[in-house]
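Me: Could you take a close look at one loop for me, and then follow the chain from there into the parts around it? I would like to know what lines the open space and what packs inside.

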Amino acid sequence: MSPRWEPSPDIRRGRSVVYSLHAHLVFTPRYRGKVFTDEILLRCRDIMIEVCDGFGASLVEFNGEHDHVHLLVHYPPKVALSTLVNSLKGVSARLLRKEYPAHIREYLWGGRFWSPSYFAASCGGAPLSIIKEYIEHQKRPG
């Protein structure tokens with residue numbers, strides 16, 4: 001069999017689709033509070049893995065600093081990215097506030113954990129210039 005047809009963990013198959021969708025996500029806590037410790041980051045990662053599993057997605061990479069987290073998520077095309085983000089932020093906020101109430105109260109006040117905004121970028125494919133060139137050089141009939 002040709003090496004081009006070897007299975008790749010980045011390419012998944014559904015009933016009528018073959019896909020490789022990756023998103024780089026960045027979430028910040030409300031007021032850019034420096035709420036994360038190593039222990040809280042580990043728990044946040046575990047929560048996000050569970051949420052991704054529920055959507056048929058997978059958390060490829062996770063890390064963060066005191067005031068933000070980065071995620072690399074591989075998700076299926078049937079999942080709207082905004083829906084996945086809402087669940088990731090909602091479930092993690094609820095559980096982290098419940099499990100670390102005193103620590104989180106030092107940095108965040110009110111009922112919110114995450115900032116309402118987030119960063120999302122598609123990634124994992126060829127650069128746009130290569131894709132554009134490939135499309136331009138298709139053998140058009142006539």
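Reply: Arg32 sits in the loop between E3 and H1, and Tyr31 belongs to the loop between E3 and H1 too. Helices (H or I, at least four residues) and strands (E, at least two) are DSSP runs, numbered from the N terminus. Please keep in mind that this is a predicted model, in which local features need pLDDT of at least 70, side-chain atom pairs count only at pLDDT 80 or more, and totals for chains, interfaces and linings use all residues. Residues are numbered from 1 along each chain as its sequence is written, and side-chain values use heavy atoms, leaving out hydrogens and water.

Phi is positive at Tyr31, near 60 degrees, and at Arg32, near 55 degrees; neither residue is a glycine. Tyr31 has a relative accessible area of 47% and Arg32 one of 44%, so both count as partly exposed (buried means under 20%, exposed over 50%, partly exposed in between, with a 1.4 Å probe and protein chains only).

A pocket here is an open set of points on a 1 Å grid over the protein atoms alone, where a 1.4 Å probe fits, with protein on both sides within 12 Å along at least five of seven lines; lining residues have an atom within 4 Å of a point. The space in the largest pocket is about 210 Å³, a volume filled by probe spheres set on points joined across faces, edges and corners. Helix H2 (81–99) and strand E6 (114–123) each give two or more residues to the lining, and H2 has the largest share, with five.

Leaving aside residues up to four places away in sequence, Trp114 touches Phe27, Pro29, Arg30, Met48 and Lys89, among others (contact means heavy atoms within 4.5 Å).
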